[in-house]
Amino acid sequence: MLRRIAFGLLFLGLGACQGTNPYTASSNPLPPAPPQAAHTFDASAYPAPPRDYGRYRNWAWLDGQPPAGSAWADSAQVAEAVSNALDQRGLRPARGNNPADLRVAADMRLETRLRQVRDDYGYGGYGSYGYGGYGYDRYGRYGNGYGLYGSVPIVRTYAVEVVVVRIELFDGSSGQPVWSASAETSSQGSLSERNEALHKAVQKALTAYPPS
């Protein structure tokens with residue numbers, strides 16, 4: 001009896017599935033495109049073309065302002081270091097009133113870094129062999145104690161001051177940023193040592209220019 005009722009319900013369900021669908025699909029036509037659409041180029045719909053760094057031949061300071069100096073190095077030292085590094089990459093200062101291919105901005109600032117040093121100190125603890133002679137260990141064994149010792153690692157954290165040099169390049173025509181990088185160096189040393197460290201930091205910052 002139950003089987004007949006189950007089959008009856010199944011047939012009724014299949015009959016309902018084969019009935020007409022009360023829902024009908026409908027769609028509205030797309031609105032017409034505006035008249036200016038045929039003459040407008042949407043640059044955002046296409047990937048930007050690769051930048052040709054080879055067309056950059058000369059440069060000038062951004063807004064005509066050389067980099068600012070500090071007590072660590074004056075403006076002339078920073079400007080000279082940047083100019084020498086750019087010259088080694090085939091970029092020459094723009095002459096006269098000719099527009100520059102690149103505009104250059106350089107910044108130098110002091111920052112603090114945390115360094116860690118790990119020290120391992122040997123020891124001979126109570127109840128163990130010492131550094132020499134004879135004695136009992138913690139297990140009651142008697143013997144010499146040469147070379148039997150442990151070590152405790154000690155991590156020391158200290159602060160150091162570094163000089164961070166940042167260089168930014170902008171397209172001379174559009175003003176868009178082209179490239180930027182930074183590097184740091186130690187702030188310690190004499191005047192000549194600091195000037196040498198400054199040149200090395202600028203060279204390091206420009207190592208990856210032009211990008212491949």
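Which side chain meets arginine 109 in a salt bridge at 2.7 Å, N to O? It is the side chain of glutamate 111. Keep in mind that this is a predicted model.

Let's start with that pair. Glutamate 111 is partly exposed, at a relative accessible area of 22%. The cut-off for buried is under 20%, so glutamate 111 does not count as buried. Arginine 109 is partly exposed too, with 34%.

Now the other partner of arginine 109. Its side chain also meets that of aspartate 107 in a salt bridge. Here the N to O distance is 3.0 Å. Aspartate 107 has a relative accessible area of 38%. Exposed would need over 50%, so aspartate 107 is classed as partly exposed.

Why do such pairs turn up? Side chains of opposite charge can pair when their charged atoms come close.

Next, the network. Salt bridges link Asp107, Arg109 and Glu111 with Arg113, Arg115 and Glu184.

One more pair. Arginine 92 and aspartate 87 form a salt bridge through their side chains, 3.1 Å from N to O. Arginine 92 is partly exposed, with a relative accessible area of 41%. Aspartate 87 is also partly exposed, at 36%.

And the total? How many salt bridges are there by this rule? The count comes to eight.

Key: Residues numbered from 1 in each chain as written. Predicted model: local features only at pLDDT ≥ 70, side-chain atom pairs only at ≥ 80, totals over all residues. Heavy atoms only, no water. Salt bridge = Lys/Arg side-chain N within 4 Å of Asp/Glu carboxyl O. Buried < 20%, exposed > 50% of the residue type's maximum accessible area, 1.4 Å probe, protein only.
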